[in-house]
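Open your viewer and get ready to select a few residues. We will go from stop to stop together.

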Amino acid sequence: MASLRIGQILFSQGFGTRRDCQGLVLRGDVAVAGRIVDDPDEAFDTAGLVFSVQGRSWPFHDKALVVLHKPAGYECSAKPRHHPSVMSLLPKPLRTRGLQPVGRLDEDTTGLLLFTDDGSLIHRLTSPKHHVPKVYEVTAKHPVTDEQVVALLKGVVLEDDPRPAVALAAVRTSECHLQLTLAEGRYHQVKRMLAAVGNRCEALHRSRFGALALPADLPQKGWAWVDVAELGLSAPPSSASR
Ligand code: URA
(Lines give C-alpha, C1' and ligand atoms only; values in the text may rest on other atoms or scores of the structure.)
Protein backbone atom coordinates (compact mmCIF):
# COMPACT_ATOMS: atom_id res chain seq x y z
CA MET A 1 0.00 0.00 0.00
CA ALA A 2 1.48 3.33 -1.05
CA SER A 3 1.32 6.38 1.12
CA LEU A 4 1.84 9.55 -0.89
CA ARG A 5 1.74 13.25 -0.14
CA ILE A 6 -1.40 14.98 -1.40
CA GLY A 7 0.69 17.16 -3.73
CA GLN A 8 2.21 14.03 -5.30
CA ILE A 9 -1.22 12.41 -5.51
CA LEU A 10 -2.69 15.34 -7.44
CA PHE A 11 0.34 15.43 -9.73
CA SER A 12 0.10 11.68 -10.48
CA GLN A 13 -3.62 12.01 -11.27
CA GLY A 14 -3.10 14.76 -13.85
CA PHE A 15 -4.01 17.92 -11.94
CA GLY A 16 -1.19 19.94 -13.50
CA THR A 17 2.42 20.70 -12.72
CA ARG A 18 3.80 20.11 -9.23
CA ARG A 19 3.45 23.85 -8.67
CA ASP A 20 -0.20 23.83 -9.89
CA CYS A 21 -0.96 20.96 -7.52
CA GLN A 22 0.67 22.68 -4.58
CA GLY A 23 -1.37 25.80 -5.40
CA LEU A 24 -4.64 23.83 -5.40
CA VAL A 25 -3.84 22.48 -1.93
CA LEU A 26 -2.70 25.82 -0.49
CA ARG A 27 -5.85 27.54 -1.80
CA GLY A 28 -8.05 25.04 0.06
CA ASP A 29 -9.41 23.51 -3.18
CA VAL A 30 -8.67 19.91 -2.14
CA ALA A 31 -10.58 17.77 0.36
CA VAL A 32 -10.40 14.18 1.57
CA ALA A 33 -13.39 12.63 3.32
CA GLY A 34 -15.05 16.04 3.51
CA ARG A 35 -12.06 17.71 5.24
CA ILE A 36 -10.04 20.40 3.46
CA VAL A 37 -6.40 19.36 3.18
CA ASP A 38 -4.28 22.52 3.03
CA ASP A 39 -0.86 21.01 3.76
CA PRO A 40 0.69 19.70 0.49
CA ASP A 41 2.90 17.36 2.56
CA GLU A 42 0.06 15.56 4.32
CA ALA A 43 0.22 11.91 3.23
CA PHE A 44 -2.60 9.49 2.43
CA ASP A 45 -2.82 5.81 1.67
CA THR A 46 -3.76 5.73 -2.02
CA ALA A 47 -5.64 2.38 -1.92
CA GLY A 48 -9.31 3.23 -2.36
CA LEU A 49 -8.62 6.93 -1.83
CA VAL A 50 -11.26 9.35 -3.06
CA PHE A 51 -10.41 13.05 -2.92
CA SER A 52 -12.14 16.09 -4.29
CA VAL A 53 -10.78 19.05 -6.22
CA GLN A 54 -12.91 22.17 -6.35
CA GLY A 55 -15.85 20.07 -5.22
CA ARG A 56 -15.46 17.39 -7.89
CA SER A 57 -14.91 13.92 -6.50
CA TRP A 58 -12.00 11.94 -7.97
CA PRO A 59 -10.98 8.33 -7.17
CA PHE A 60 -7.24 7.57 -7.12
CA HIS A 61 -6.14 5.20 -9.89
CA ASP A 62 -2.56 4.00 -10.18
CA LYS A 63 -3.33 3.32 -13.85
CA ALA A 64 -6.47 4.73 -15.41
CA LEU A 65 -8.92 2.87 -17.65
CA VAL A 66 -12.08 4.59 -18.88
CA VAL A 67 -14.80 4.00 -21.44
CA LEU A 68 -16.16 6.76 -23.67
CA HIS A 69 -19.42 6.62 -25.61
CA LYS A 70 -18.00 8.00 -28.84
CA PRO A 71 -20.33 10.07 -30.98
CA ALA A 72 -19.89 10.47 -34.73
CA GLY A 73 -17.88 13.49 -35.82
CA TYR A 74 -14.75 12.90 -33.69
CA GLU A 75 -11.39 11.52 -34.82
CA CYS A 76 -9.29 9.13 -32.75
CA SER A 77 -6.02 10.65 -33.98
CA ALA A 78 -4.03 12.84 -31.61
CA LYS A 79 -3.59 15.23 -34.54
CA PRO A 80 -7.07 15.30 -36.08
CA ARG A 81 -7.41 16.74 -39.56
CA HIS A 82 -11.09 17.42 -40.18
CA HIS A 83 -12.94 16.91 -36.91
CA PRO A 84 -12.18 17.40 -33.22
CA SER A 85 -10.21 14.71 -31.42
CA VAL A 86 -11.92 12.23 -29.09
CA MET A 87 -9.38 13.42 -26.51
CA SER A 88 -11.33 16.68 -26.26
CA LEU A 89 -14.23 14.70 -24.73
CA LEU A 90 -12.17 13.61 -21.71
CA PRO A 91 -11.69 15.79 -18.63
CA LYS A 92 -8.38 17.62 -18.41
CA PRO A 93 -6.74 15.47 -15.70
CA LEU A 94 -7.16 12.35 -17.88
CA ARG A 95 -5.60 14.12 -20.84
CA THR A 96 -2.78 15.51 -18.72
CA ARG A 97 -1.86 12.11 -17.34
CA GLY A 98 -1.55 10.78 -20.89
CA LEU A 99 -4.51 8.53 -21.55
CA GLN A 100 -4.55 7.16 -25.10
CA PRO A 101 -7.37 5.52 -27.07
CA VAL A 102 -7.14 1.72 -27.21
CA GLY A 103 -7.14 1.24 -30.98
CA ARG A 104 -9.23 3.49 -33.20
CA LEU A 105 -12.76 3.96 -34.37
CA ASP A 106 -13.49 5.80 -37.60
CA GLU A 107 -14.76 9.36 -37.41
CA ASP A 108 -18.30 8.23 -38.29
CA THR A 109 -18.31 5.15 -35.99
CA THR A 110 -20.11 5.47 -32.66
CA GLY A 111 -19.91 3.47 -29.45
CA LEU A 112 -17.48 1.95 -27.03
CA LEU A 113 -13.97 3.42 -27.00
CA LEU A 114 -11.51 2.61 -24.22
CA PHE A 115 -8.68 4.86 -23.04
CA THR A 116 -5.81 4.03 -20.71
CA ASP A 117 -2.36 5.20 -19.67
CA ASP A 118 -1.24 1.59 -19.20
CA GLY A 119 0.96 0.75 -22.20
CA SER A 120 1.03 -3.00 -21.54
CA LEU A 121 -2.76 -3.06 -21.34
CA ILE A 122 -3.02 -1.25 -24.70
CA HIS A 123 -0.76 -3.91 -26.18
CA ARG A 124 -2.77 -6.72 -24.57
CA LEU A 125 -6.04 -5.30 -25.93
CA THR A 126 -4.92 -4.43 -29.45
CA SER A 127 -2.48 -7.19 -30.36
CA PRO A 128 -4.28 -9.66 -32.69
CA LYS A 129 -2.54 -12.57 -31.01
CA HIS A 130 -4.56 -12.05 -27.84
CA HIS A 131 -7.91 -12.40 -29.69
CA VAL A 132 -9.91 -9.96 -27.59
CA PRO A 133 -13.35 -9.96 -29.24
CA LYS A 134 -14.99 -6.70 -30.27
CA VAL A 135 -18.67 -6.59 -31.20
CA TYR A 136 -19.95 -4.22 -33.89
CA GLU A 137 -23.54 -3.41 -34.80
CA VAL A 138 -23.64 -2.87 -38.56
CA THR A 139 -26.37 -1.14 -40.53
CA ALA A 140 -26.02 -2.46 -44.05
CA LYS A 141 -27.15 -0.69 -47.21
CA HIS A 142 -28.65 -3.87 -48.71
CA PRO A 143 -30.42 -6.81 -47.06
CA VAL A 144 -27.86 -9.16 -45.51
CA THR A 145 -28.03 -12.55 -47.22
CA ASP A 146 -27.26 -16.02 -45.84
CA GLU A 147 -24.39 -16.24 -48.33
CA GLN A 148 -22.89 -13.02 -46.96
CA VAL A 149 -23.10 -14.32 -43.38
CA VAL A 150 -21.45 -17.60 -44.39
CA ALA A 151 -18.70 -15.75 -46.28
CA LEU A 152 -17.96 -13.45 -43.33
CA LEU A 153 -17.63 -16.47 -41.04
CA LYS A 154 -15.47 -18.36 -43.52
CA GLY A 155 -13.18 -15.40 -44.13
CA VAL A 156 -12.96 -12.80 -46.87
CA VAL A 157 -9.97 -11.34 -48.65
CA LEU A 158 -9.74 -7.58 -48.33
CA GLU A 159 -8.38 -5.31 -51.00
CA ASP A 160 -4.58 -4.90 -50.73
CA ASP A 161 -4.33 -7.54 -47.98
CA PRO A 162 -3.89 -11.23 -48.75
CA ARG A 163 -4.64 -12.42 -45.18
CA PRO A 164 -8.31 -13.45 -44.96
CA ALA A 165 -10.41 -11.53 -42.45
CA VAL A 166 -12.65 -13.86 -40.47
CA ALA A 167 -15.59 -12.94 -38.23
CA LEU A 168 -15.76 -14.85 -34.94
CA ALA A 169 -19.54 -14.44 -35.11
CA ALA A 170 -21.97 -12.88 -37.60
CA VAL A 171 -25.62 -12.68 -36.58
CA ARG A 172 -28.27 -11.04 -38.74
CA THR A 173 -30.47 -9.12 -36.30
CA SER A 174 -32.89 -7.75 -38.95
CA GLU A 175 -33.00 -7.50 -42.72
CA CYS A 176 -30.29 -4.82 -42.92
CA HIS A 177 -28.64 -5.23 -39.51
CA LEU A 178 -25.78 -7.48 -38.60
CA GLN A 179 -23.90 -8.06 -35.37
CA LEU A 180 -20.30 -8.84 -36.20
CA THR A 181 -17.66 -10.05 -33.72
CA LEU A 182 -14.02 -9.60 -34.68
CA ALA A 183 -10.80 -10.48 -32.88
CA GLU A 184 -8.65 -8.10 -34.94
CA GLY A 185 -8.74 -4.39 -35.63
CA ARG A 186 -7.43 -3.82 -39.13
CA TYR A 187 -7.93 -0.47 -40.83
CA HIS A 188 -11.66 0.00 -41.70
CA GLN A 189 -12.01 -3.73 -41.17
CA VAL A 190 -15.78 -3.97 -40.78
CA LYS A 191 -16.46 -1.65 -43.71
CA ARG A 192 -13.99 -3.53 -45.91
CA MET A 193 -15.43 -6.91 -44.92
CA LEU A 194 -18.95 -5.74 -45.81
CA ALA A 195 -17.66 -4.44 -49.15
CA ALA A 196 -15.85 -7.73 -49.78
CA VAL A 197 -19.15 -9.65 -49.60
CA GLY A 198 -20.90 -7.18 -51.94
CA ASN A 199 -22.77 -5.14 -49.34
CA ARG A 200 -22.00 -1.74 -47.81
CA CYS A 201 -21.72 -0.49 -44.24
CA GLU A 202 -24.03 2.52 -43.81
CA ALA A 203 -23.58 2.97 -40.05
CA LEU A 204 -21.33 1.34 -37.47
CA HIS A 205 -21.53 1.16 -33.68
CA ARG A 206 -19.23 -0.78 -31.33
CA SER A 207 -21.25 -2.27 -28.50
CA ARG A 208 -18.73 -4.48 -26.71
CA PHE A 209 -14.99 -4.82 -26.10
CA GLY A 210 -14.01 -8.14 -24.48
CA ALA A 211 -16.58 -8.80 -21.77
CA LEU A 212 -17.36 -5.10 -21.36
CA ALA A 213 -20.60 -3.86 -22.89
CA LEU A 214 -21.12 -0.16 -23.51
CA PRO A 215 -23.07 0.88 -20.38
CA ALA A 216 -26.71 1.43 -21.35
CA ASP A 217 -26.89 4.57 -19.19
CA LEU A 218 -23.78 6.20 -20.68
CA PRO A 219 -24.91 8.97 -23.04
CA GLN A 220 -22.98 9.92 -26.17
CA LYS A 221 -19.89 11.97 -25.16
CA GLY A 222 -20.14 10.49 -21.63
CA TRP A 223 -17.26 8.59 -20.01
CA ALA A 224 -16.93 6.27 -17.00
CA TRP A 225 -14.18 4.55 -15.02
CA VAL A 226 -13.67 0.86 -15.83
CA ASP A 227 -12.08 -1.82 -13.69
CA VAL A 228 -9.78 -3.96 -15.84
CA ALA A 229 -11.55 -7.09 -14.50
CA GLU A 230 -14.70 -5.95 -16.38
CA LEU A 231 -12.91 -6.70 -19.66
CA GLY A 232 -12.81 -10.41 -18.74
CA LEU A 233 -9.27 -10.96 -20.04
CA SER A 234 -7.95 -14.48 -19.70
CA ALA A 235 -4.64 -13.63 -17.98
CA PRO A 236 -3.84 -10.64 -15.76
CA PRO A 237 -1.96 -8.29 -18.11
CA SER A 238 -1.12 -5.35 -15.94
CA SER A 239 -2.09 -3.23 -13.01
CA ALA A 240 -4.67 -0.99 -14.68
CA SER A 241 -7.41 0.71 -12.76
CA ARG A 242 -7.38 -0.46 -9.20
N1 URA B 1 -14.15 -1.31 -38.54
C2 URA B 1 -14.38 -0.22 -39.30
O3 URA B 1 -14.52 -0.32 -40.51
N4 URA B 1 -14.45 0.99 -38.70
C5 URA B 1 -14.34 1.16 -37.36
O6 URA B 1 -14.44 2.28 -36.86
C7 URA B 1 -14.11 0.01 -36.58
C8 URA B 1 -14.02 -1.20 -37.19
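Which residue's side chain meets that of Arg5 in a salt bridge? Select Asp41: its side chain and that of Arg5 come together at 3.3 Å, N to O. A salt bridge here is a side-chain nitrogen of Lys or Arg within 4 Å of a carboxyl oxygen of Asp or Glu. Arg5 lies in strand E1 (residues 3-5) and Asp41 in the loop between E3 and strand E4 (43-45), so the pair ties together parts that are 36 residues apart in sequence. Strands (E, at least two residues) are DSSP runs, numbered from the N terminus.

Before moving on, a word about the model. It is predicted, so local features need pLDDT of at least 70 and side-chain atom pairs count only at pLDDT 80 or more, while totals for chains, interfaces and linings use all residues. Residues are numbered from 1 along each chain as its sequence is written, and side-chain values use heavy atoms, leaving out hydrogens and water.

Next, select Glu184 and Arg186, whose closest N and O atoms are 3.2 Å apart in a salt bridge. Arg186 is buried, at 12% relative accessible area; buried means under 20%, exposed over 50% and partly exposed in between (1.4 Å probe, protein chains only).

Now show the open sheet, where four strands run in the order E3-E2-E5-E6 with antiparallel pairing. Two strands pair if DSSP finds at least two bridges between them. On its edges are E3 (35-36) and E6 (56-59), each pairing on one side only. Finish at Val32, whose bridge partner in E5 is Phe51.
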